[in-house]
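Visitor: I should like to learn how to read the features of a structural model. Please take me through them one by one.

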Amino acid sequence: MKYWRETIAVTQRILIELLRRRRSLIFWSIFPVSLLILSGFILAERAKLSLAVAFEYAAPSTLVGAALFFSCLGGSVTTVVAEREQQTLKRLFISPLSGTSYFLGIFLAHTCIGIGQTILVYTIAAFWGATFKGSILLGLVIILLSIVAYVGLGFILGTQLARRIEDVNALVATFGVPLLILGGAFLPSSLFPKTLINIAKYDPIYHMNEALVGVSARGDEIDKITSHFIFLLVFAAVMVLGGWLSYRRMLIVERRL
């Protein structure tokens, strides 16, 4: 119960701070919605699809490739770096709050943001007639694994490579934008040449995208997306472990300063 109360307290503090600033939440809402609408209309026109079908394919790609990427990956990197600059970690050492609760609280806060974006994206898509064709439970598992993977990677990048807030944009752009394009976030992977498809198989965003598109737009069951699901599951587990170890290493370094 102690860890649970502390985790909830950290989560509430981060979410309240975001609500007070508002700008980040507004941008994390405007960006996926605008990208969803653009992608939906472009797909409908170029692929000769109805708006409903076009938005069914655009929604999952927009969610995992744009919304969750920038809020859960970029957001977690920003949170970690900002907490270091604001000396929050120094105060952690002299408080009864455990490092585990702090780590889990940041995870939970960005999970709440990711779930909110999921509701927003699929609500907009439903307005244009899109439906979720597959298992909602399986879709939620894929979305949660994507969130966990992004936040874990955010901890690794935020603790190991970013030192100042100014580093965040360059870091996310350098690592993220090529992976987003290769993962099919902006262009359907069906348009990729064979060489790029072979390279994309090493891109976790590609597997997130393919798994969610399969379940959401085509109604695929787990047996149809097994390879993508297993890759995502393993990647998420590795990112959580890597994020935790990076976080612990950062605490050791901060104690020495």
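Guide: In this predicted model, Leu187 lies in the loop between α7 (166-182) and α8 (194-200).

Visitor: Is Leu187 buried, partly exposed or exposed?

Guide: The relative accessible area of Leu187 is 44%, so this residue counts as partly exposed. Leu187 also belongs to a nonpolar patch on the surface, together with Phe31, Val177, Ile181, Phe186 and Leu191. The accessible area of the patch is about 510 Å².

Visitor: How should one read the faces of a helix?

Guide: An α-helix has 3.6 residues a turn, so residues three or four places apart point the same way. In α1, the buried residues are Glu6, Thr7, Val10, Thr11, Ile14 and Leu18. Viewed down the axis of α1, these buried residues fall within an arc of 135°, and therefore line one face of the helix. Trp4, Arg5, Leu19 and Arg20, on the other side of α1, are exposed.

Visitor: What span should the 20 residues of helix α1 have, and how far apart are its end C-alpha atoms?

Guide: At 1.5 Å a residue, helix α1 (residues 2-21) should span 28 Å. Its end C-alpha atoms are 29 Å apart, which agrees. Just after α1, Arg22 takes a positive phi of about 65°.

Visitor: How many salt bridges does the structure hold?

Guide: Side chains of opposite charge can pair when their charged atoms come close. The structure holds 2 salt bridges. In one of them, the side chains of Lys133 and Glu56 meet at 2.6 Å, N to O. This pair links distant parts of the chain, 77 residues apart: Lys133 is in the loop between α5 (99-127) and α6 (136-160), and Glu56 is in helix α3 (residues 51-85). Lys133 is partly exposed, with a relative accessible area of 45%, whereas Glu56 is buried at 5%.

Visitor: Which residue forms a salt bridge with Asp220?

Guide: That residue is Arg218, and the closest N and O atoms of the pair are 3.5 Å apart. Arg218 is partly exposed, with a relative accessible area of 40%, while Asp220 is buried, with a value of 12%.

Visitor: Where is Ser39 placed, and is Ser39 buried or exposed?

Guide: Ser39 is in helix α2 (residues 23-46). With a relative accessible area of 15%, Ser39 is buried. Leaving aside neighbours within four places in sequence, Ser39 is in contact with Ala58 and Thr62.

Methods. Residues are numbered from 1 along each chain as its sequence is written. This is a predicted model: local features need pLDDT of at least 70, side-chain atom pairs count only at pLDDT 80 or more; totals for chains, interfaces and linings use all residues. Side-chain values use heavy atoms; hydrogens and water are left out. Helices (H or I, at least four residues) and strands (E, at least two) are DSSP runs, numbered from the N terminus. Buried means under 20% relative accessible area, exposed over 50%, partly exposed in between (1.4 Å probe, protein chains only). Contact means heavy atoms within 4.5 Å. The expected span of a helix is 1.5 Å times one less than its number of residues. The arc is that of the directions from the helix axis to the C-beta atoms. Patches are made of residues with over 30% relative accessible area and no salt bridge: like charges are joined within 9 Å, nonpolar side chains (Val, Leu, Ile, Met, Phe, Trp, Tyr) within 5 Å. Accessible areas come from the Shrake-Rupley method with a 1.4 Å probe; for residues, only the protein chains shown count as cover. A salt bridge is a side-chain nitrogen of Lys or Arg within 4 Å of a carboxyl oxygen of Asp or Glu.
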